[in-house]
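Open the model in a viewer and keep the sequence panel beside it. The stops below say what to select and what is there.

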Amino acid sequence: MNAHPLEQQKADPRLVYDDPRLEPAALERERRHHEASWPDPRGFLGWLRSTDHKSIGLRTIVTAFVWFAMAGVLAALMRLQLSRPENTILGPDLYNQIFTTHGTAMMFLFAVPVMLGMGVYLVPLQVGARAIAVPRLVAYGYWMLLFGGIFLFAMFFANVGPDVGWFSYVPLSGPEYGIGKRPDVWAQLITFSEVSALVTAISLIVTIFKLRTPGMALNRMPLFVWAMLVVSFMVIFAMPAVMLSSTCLILDRLVGTHFYNYAEGGDVLLWQHLFWFFGHPEVYIIFLPALGMISPIVSTFSRRPVFGYLALVLSNIATAFIGFGVWVHHMFATGLPQFGQSFFTAASMMIVVPTATQIFCWIATIWTGRGVRFTTPMLYVLAWFFVFLIGGLTGVMVASVPLDLQLHDTFFIVAHLHYVLIGGSVFPLLAGIHFWFPKITGRMLNERLGKVAFWLFFTGFNLTFFPMHILGLQGMPRRVYTYPAAMGWGSLNLLASIGAGIIAVALTVYLINVIVSLRVGAAATDNPWDAADLEWSTSSPPPVYNFSPQPTVGSRDPLWHTELTPPFVIGLNPEKCEVLVTHLLDAEPDHRYPTPGPSIWPLLAAIATTILFIWSIFSPWGVVWGSIPLFITLVGWFWPHRGVPPREMERELARLEPREATS
Amino acid sequence: MAPLIQSVLHPAGVQAARLNQLWWVMFWVCTVVFISVLTALAMAIARGRRSASNASDATLTGSVGAAVGISVAALLVLLTASEITGRDLDALKAQNALRIQITGNQWWWDVQYLNPDPSLTVVTANEIHVPVGRPVGIVAKSNDVIHSLWIPALHGKRDLLPGRQSEIWLQADRAGVYRGQCAEYCGAQHAKMALTVVADLPDDFERWLSHMRGPAPPPATESQMRGRDVIERGPCAMCHSIAGTLAGGRTAPDLTHLASRSAIGAGSIPNTRGNLAGWIADPQHIKPGNKMPATGLASEELQALLDYLETLK
């Protein structure tokens, strides 16, 4: 159902403890109401129309992992090629497509979407909301991710895979040197992922600001929610830069503009500034949600609230701000004046401080906890300290301009970025999947298989990437499809390739664990880990309406301090799938809002957008003619809802009046 | 042939030595930090297992604050070390330095030894000689896409940007042969874009430089004569130039002193007669994607050509 201003109504923020509607029988009646009225479309068509944030979040995560697996296979091929000097399994043309597609898919189709997908799934549950804000837009974002990924890999298999590196420097990617349509494929894939990330970020911000359940003031928000809030803002500020740069590139290539053509007054460094102004924050967009997952895991398995909540929140925000001031450290080798060097070196080193603060807060949490429980998620998090510290410290090294002149664009950087991205983000992500799997599926992952996968992954990861530091110092540049035997890089490369094989085995074990546990895993209780956040208060898996009754919170760790918890939210109209909108700071009830139901229009709009994007690679007219079907789908999407005639609605509101009391 | 030295950790010049020093400062500080943090984590785990701690939040705040303070101090040390190194690197600029202009091309290096008197300019490719103990100012340019000049034994890298010109200052302090390589991904054959750097004693260098100023020696034998004809009348001269002959193409490496260079194909393979023959017969086999087309020379033309090229010392 679409929103209508008339349906928005002031709710009464009174707390009612002895209301008859809190009787178990009344609550059960309300639950059955929700059960009956919240749409849960079945079947394939239902799946296409779904606007349930759990369904969209889960499919985003699964889709992102499919792209992860495909990009991982590409990585394995690269390691195969580099396993010995002067290898000839892959030629330069294919190798260059492979490493570009690997990087592009990992960054744009896996890392960012999977984190946003976790946010889409978890944030409404963690803030105690019945639904996500603007769910149809989120559904649209998912379809754009799916079509973008299919597009990239289809082009790759058609030998039109991008081959200019995941940051596609001009003029190599420009009209003069970029072969055929390969760089266009890259640039348009960026457009797909931008659109997808931006709409998801908007939805998350609105959800976090306006749909938190009563009592969840900003200073009681779970840290994962804080991380997603900060990251969503970063997406909104960072993505326009890459949108601008890739659009200018497409224009240069398609209609002969000269943004990057130095012969006509354009500039090749402009690309690098615009790209990295997005590209560096991108790293934190991937990294901060991972940190947000660490907090609840550390807290749960140390059995105490996380220490330094305020410091952790402020660290998140500080990282986001400083993250926008360090982009030039990707460009030190282009030559900078001394003052600029000092500024960006200092900024890049400064960003260590908030991250260090978080590390120390977690150590303090463990220190004063009631004994660490060595579950698989906790093992991943403990390993995170080890691998991320290495990645972070090599990050400090490359922040120094002079030293970076030696390390930049070598295998040292390949090692560094994988320690930061896999070590910093994928370890917590795998921990998070283990941690929330029971909530998402209703079944526990097998701990024994989980630990086997963990140890294999940890070993394989370090075996693959640690030797790369040394290779870089020994002079091996990145992005080379081969190297002479005389350089003496053979044995370390072989070691790295063996490690890559172990990673492949580890992830296969992880996947087997997921598949087996889905079928025969132990049934999960509502709160199998004895964790503190709201998502653990509802059933596993949660019903389509998330909670019944909707809980409120009285502390930062609501499930650990039930004595502080005020009563539930009542008085929302289940027939209209209403969600409670609250005030930004203190989450006091503001008004009720009927959440839009399932719709096929987001999918149709995404198909129309996809046609426009792909067509415009080949002709500027694609934008003109392609906008017509897009326009039609958007009209369908936003067509005013005619379900309830206004008079009918007035009467209904009058009828609802006495049911007002909430929170 | 001398072993190829292309390592950050084996500096052969003052700039690389400073960077090597900075590397070890960073390495040790970071190692200490790494071990300390992991020790703290291990202690936290061990402590948490023994019994519930009753440290108050205020104590914890103090400890975390102190840890952050120590981190900031360590960062300041590293920042200072980095600044000092940066300033030292800038100090090498000198008036009487040797000036070399290196221009990046897909996928080879065009080299010019600049001289106020243009007639004394030396043009060569893919191999440079530098005098030991004298600062060298390299003017870095690019003719097509972005490349990056990196000779780890002498200095860090510097991007070669089309439409821009930049400078890098280095100095070799030990005679020897060093290897440099393009470090910015520049297309199909980025992997095979290497540069040989020979550090000569000053006298050897001057001898080498004045030899390089001369044109190619005239062919001495019938076969060499035929070889030169193949170049001048065939497709070779469209792209390559050989001083003293009609070959004057400027879009491919200068061949005037080809035989004096240690490698061909920008460091792809050693410069031997057999390799050269293979390269000329089918350049796309050794370096797929490079700009040199197969020449389709008859066997005896190829042999004559090789006879001639071998004289280009």
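**The chain A–chain B interface**

Select both chains and show their contacts: 67 residues of chain A are in contact with 65 residues of chain B, two residues being in contact if their C-beta atoms, placed from the backbone, lie within 7 Å. On the chain A side, α4, α8 (268-302), α10, α11, α12 and α13 each supply at least two of the residues that touch chain B. Helices here are DSSP runs of H or I with at least four residues, strands are runs of E with at least two, and both are numbered from the N terminus. Colour α11(A) separately: eleven residues, the largest share of this side, come from that helix. By class, the side of chain A that touches chain B has 41 nonpolar, 22 polar and four charged residues. In this count Ala, Val, Leu, Ile, Met, Phe, Trp, Tyr, Cys and Pro are nonpolar, Asp, Glu, Lys and Arg are charged, and the others, Gly among them, are polar.

**What kind of model this is**

This is a predicted model, in which local features need pLDDT of at least 70 and side-chain atom pairs count only at pLDDT 80 or more, while totals for chains, interfaces and linings use all residues. Residues are numbered from 1 along each chain as its sequence is written, and chains are lettered from A and ligands numbered from 1 in the order in which they are written.

Colour by pLDDT, the predictor's confidence in each residue, from 0 to 100. The mean for chain A is 90, with 93% of its residues at 70 or more. Select residues 1-16 of chain A: the pLDDT there is below 50, and the stretch has 43 contacts in the model beyond near neighbours in sequence. Residues 645-663 of chain A also have pLDDT below 50, with 29 such contacts. Where pLDDT is low, the predicted coordinates should not be read in detail. Chain B has a mean pLDDT of 92, and 96% of its residues reach 70 or more. The model scores ipTM 0.96 and pTM 0.93.

**Helix α10 of chain A**

Select residues 338-350 of chain A, which form α10. The helix has 13 residues and reaches 18 Å from first C-alpha to last, close to the 18 Å expected at 1.5 Å a residue; the expected span is 1.5 Å times one less than the number of residues. Which residues of α10(A) are buried? They are Q341(A), F344(A), T345(A), S348(A) and M349(A). Buried means that 20 or more other C-beta atoms, placed from the backbone, lie within 10 Å of the residue's own; 12 or fewer is exposed, and in between is partly exposed.

**The nonpolar cores**

A nonpolar core is a set of buried Ala, Val, Leu, Ile, Met, Phe, Trp, Tyr and Cys residues joined through C-beta atoms within 7 Å. The largest one has 267 residues, of which F110(A) and W384(A) touch the most other members. Helix α4 (residues 92-126) of chain A gives the most to this core, 20 residues. Centre on F110(A): not counting residues up to four places away in sequence, F110(A) touches A64(A), W67(A), F68(A), A71(A) and A105(A). A second, separate core of 18 residues includes I231(B), I264(B), I280(B) and Y308(B).

**Backbone exceptions**

Most residues other than glycine have a negative phi, and most peptide bonds are trans. Select the loop between α16 (490-520) and β2 (578-582) of chain A, where P541(A) lies. The peptide bond from S540(A) to P541(A) is cis, with omega near -10 degrees. P549(A) is also in the loop between α16 and β2, and a cis bond with omega about -5 degrees joins S548(A) to P549(A).

Next, go to D409(A), in the loop between α13 and α14 (411-441) of chain A. Its phi is positive, near 60 degrees, and D409(A) is buried, with 22 other C-beta atoms within 10 Å.
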